Amino acid sequence: MVRAREIPARGPWALSVVLAVGLAGPARAAGPSASPDPGGPAPGPVVGAAAPAAPGPAPARPAHPRLSERDPVRRWAIGIEGVGLQIPPLRPRVVDLDARYLGNSVAAGGVGALGRVRIRPPIALELAVRSGSVRYRSDNDLLSQDLLLAEFGALLFLARGDIGHFALDAGVGGLAHAIRYELEGGRAGAQIVGAFTVRVGADLELLLGRVALTFSLRGYGVVTDVARTRATGPLFAGESAALRQAPLPRHQTHLLGSAGVLYRF
């Protein structure tokens with residue numbers, strides 16, 4: 001027969017001590033930071049001050065092509081212009097002109113027609129026909145000189161803005177002189193002779209959409225083959241070869257200024 005062991009009277013107090021020690025042990029192991037202060041800030045990770053964001057790359061400025069190079073590119077142009085020529089005066093042999101009224105040069109006025117094509121933005125080719133005429137009067141005698149110039153040239157645009165374009169130009173061409181005489185007594189005649197020209201000059205274009213204003217100033221070197229003068233009319237019938245030649249020097253210099261309007265397409 002087994003006898004039950006009697007539990008001492010102090011058992012309940014010992015059990016209470018053991019339970020108190022077991023509950024207090026984890027609290028001491030965790031330390032004071034295990035239980036946050038109710039009045040303090042909520043626990044969480046420490047976050048430093050945010051660094052300023054690096055500036056992004058600046059957007060590239062869009063390119064704006066020049067007005068003359070925007071789509072559609074207008075490469076071709078045709079136009080008309082007014083022409084002023086400064087040329088040496090005539091010194092005719094078959095009639096006397098009062099030298100008091102003849103200076104070192106005379107002015108001839110006319111018109112012209114031209115076409116241009118831009119083969120590259122800074123380079124253009126030009127084909128043009130220009131004219132000029134001047135009249136001489138002495139008493140009842142009348143002389144007229146008409147010039148017709150056909151030329152081909154190239155322009156190099158050194159400055160090209162949205163509106164203004166500036167170019168230097170050079171070219172070659174042919175010049176025809178027609179000199180007509182209407183003298184007192186019904187005597188009349190004509191002399192026609194050709195010449196070769198070389199030119200240099202400067203041009204300015206002002207672009208206004210499809211329309212452009214053009215201004216030019218050019219110098220011409222003129223070589224005339226006076227030996228090939230074709231003289232007609234009763235005035236020169238039976239005259240010597242020297243009198244039949246046009247009263248022009250072999251080498252001349254002409255100055256031409258023009259202003260016109262171009263239509264671009």
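**Strands, hairpins and charged pairs**

Of the protein's 265 residues, 31% count as buried. The model here is a predicted one, so everything below is read from a prediction. The protein exposes about 16800 Å², and carbon and sulfur atoms supply 64% of that area. Two helices and nine strands turn up in the protein. Walking along the sequence, the pattern runs α-β-β-β-β-β-β-β-β-α-β. Contacts also reach across the chain: taking those between residues at least 6 apart in sequence, 68% join residues at least 24 apart.

Strand β3 covers residues 123-138 and strand β4 covers residues 141-160; the two pair in the antiparallel sense, with 16 bridges between them. One spot to look for is Ile 123, which stands opposite Leu 156 in β4. β3 and β4 make a hairpin with two residues between them, and Asp 139, sitting in the turn, has a positive phi of about 55°. Strand β4 then has another partner in β5 (residues 164-182), again in the antiparallel sense, this time over 18 bridges. Here Ala 159 has Phe 166 in β5 as its bridge partner. A hairpin is formed by β4 and β5 too, with three residues between them.

Now for the charges. Side chains of opposite charge can pair when their charged atoms come close. A search of the whole structure picks up 16 salt bridges. In one of them, the side chains of Arg 180 and Asp 146 meet at 3.0 Å, N to O. This pair links distant parts of the chain, since Arg 180 belongs to strand β5 and Asp 146 to strand β4, 34 residues apart. Is Arg 180 buried, exposed or something in between? Its relative accessibility is 39%, so Arg 180 counts as partly exposed.

Arg 199 and Glu 151 form another salt bridge, with the closest N and O atoms 2.6 Å apart. Arg 199 lies in strand β6 (residues 188-208) and Glu 151 in strand β4, so the pair ties together parts 48 residues apart in sequence. Both ends are tucked away from the surface in the sense of the burial cut-off, which is under 20% relative accessible area: Arg 199 has 2% relative accessibility and counts as buried, and Glu 151 is buried as well, at 4%.

A contrasting case is the salt bridge of Arg 228 with Asp 225, where the closest N and O atoms are 3.2 Å apart. Arg 228 is exposed, with a relative accessible area of 69%, while Asp 225 counts as partly exposed at 29% relative accessibility.

Note on methods:
Residues are numbered from 1 along each chain as its sequence is written. This is a predicted model: local features need pLDDT of at least 70, side-chain atom pairs count only at pLDDT 80 or more; totals for chains, interfaces and linings use all residues. Side-chain values use heavy atoms; hydrogens and water are left out. Two strands pair if DSSP finds at least two bridges between them. Helices (H or I, at least four residues) and strands (E, at least two) are DSSP runs, numbered from the N terminus. Buried means under 20% relative accessible area, exposed over 50%, partly exposed in between (1.4 Å probe, protein chains only). Contact means heavy atoms within 4.5 Å. Accessible areas come from the Shrake-Rupley method with a 1.4 Å probe; for residues, only the protein chains shown count as cover. A salt bridge is a side-chain nitrogen of Lys or Arg within 4 Å of a carboxyl oxygen of Asp or Glu.
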